[in-house]
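Okay, thanks for coming, everyone. Have a look at the screen.

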Amino acid sequence: MEAKSNIDVLVNDWVVNNTESVIFSEANDQSLPLMSNAQADTAGGSAILIGNKSGIALKEAAELKALYNKKELDKLAKSLVSSPANFVTTVMGISQQRTQWDPLAQDQTKSAEQFHNYIKQIVAFPLMVITKTDTTHVHYQSENYDSLIDNISDLYTGISDSDKNSIRKGVVNLAKSCMQRVGETSSTVLFTQSTITADDVVKVYFYSSAIKMVRSHESGKSAPSDSFKSDVSVSKVEISFNRAALTFSIARKICEVLYKGVDDWLAENTTPTDKTHQNYCFH
């Protein structure tokens, strides 16, 4: 019998450890910024797929789902090796299931903790490498959400203007969705955004920030409360996928647990927006 490589052993450990993985070292934990330490009254998520190969990834996702539904796991694993974006969303799907992070859930009392643990679980996977982390302070001007959204979009460096437009649209929809659910009094909203670039190197970006908002009846718009004309810290993590290390045996081991394509990931991580009876001060 052929001996397993070290990477196979690490992947197997990640699969077997159905809680926080033993692979996640203290050094990595220290390098990962706390995505939010606030308890949210409500939360919303936005998932965006960009990159030159995003269309191909979406097309492949439908084909891979058919194989998974027919339980043709050998064929699925072979195809996943050449479809890295869909492999990445499968790893993310397993991580999401383990940590119970769900931006669409009604009960958001543990959302900040779950989102942080979700990212920890992803970066514990041996083929996922943290390539950048930072915390950026985004300044709120009263009622100036356009400025906020532009600043958040600008956190993404090395991305084309057309892809930044997609990111901005996602942020706008997320903000609208969260504002529909805040109460008449000040509420803490956890904004989370996940972006996958489907290029030769697949990268995943996460950011989050906890923001207080209040709805104004008089104007019919949502605006920051007077007490929040301050800086808001936005935490960002960039993760690169080591595609060169992906093998059939690794893909086979992962899809025995679950398969989640980019189409599933988009649907399950984007909070829907009700466009009726809402006026906003940004667009």
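Let's start with Lys 65 and Asp 263, whose side chains meet in a salt bridge at 3.3 Å, N to O. By salt bridge I mean a side-chain nitrogen of Lys or Arg within 4 Å of a carboxyl oxygen of Asp or Glu. Lys 65 sits in helix α3 and Asp 263 in helix α10, residues 262-268, so this pair ties together parts that are 198 residues apart in sequence. Helices here are DSSP runs of H or I, at least four residues, and strands are runs of E, at least two, numbered from the N terminus.

Before going on, the ground rules. This is a predicted model, so local features need pLDDT of at least 70 and side-chain atom pairs count only at pLDDT 80 or more, while totals for chains, interfaces and linings use all residues. Residues are numbered from 1 along each chain as its sequence is written, and side-chain values use heavy atoms, with hydrogens and water left out.

Back to that pair. Lys 65 is partly exposed at 27% relative accessibility, and Asp 263 is partly exposed too, at 23%. The cut-offs: buried is under 20% relative accessible area, exposed is over 50%, and partly exposed is in between, with a 1.4 Å probe and protein chains only.

What about the strands? Lys 203 and Glu 238 meet in a salt bridge at 3.6 Å, N to O. Lys 203 is in strand β4, residues 203-216, and Glu 238 is in strand β6, residues 231-241, so here the linked parts are 35 residues apart in sequence. Lys 203 is partly exposed at 25%, whereas Glu 238 is buried at 5%. And there's a network: salt bridges with shared partners join Lys 65, Asp 263 and Asp 264.

Glu 63 and Lys 59 form a salt bridge at 2.8 Å, N to O, and both lie in α3, 4 residues apart, about one turn of the helix. In general, an α-helix has 3.6 residues a turn, so residues three or four places apart point the same way. Glu 63 is partly exposed at 42%, and Lys 59 is exposed at 54%. The total count is 9 salt bridges.

Next, helix α9, residues 248-255: which of its residues are buried? They are Ile 250, Ala 251, Ile 254 and Cys 255. They cover an arc of only 120° around the axis, which puts them on the same side of α9; that arc is taken from the directions from the helix axis to the C-beta atoms. Their cover includes α1 (6-16), α3 (54-69), α4 (73-81) and α5 (84-99), through contacts, meaning heavy atoms within 4.5 Å.

Zooming out, the chain has 10 helices and 6 strands, and buried residues make up 50% of its 283 residues. Of the contacts between residues at least 6 apart in sequence, 81% join residues at least 24 apart.

Finally, how far does the predictor trust this? pLDDT is its confidence in each residue, from 0 to 100. The chain's mean is 76, and 59% of the residues reach 70 or more.

Terms used:
pLDDT is the predictor's confidence in each residue, from 0 to 100.
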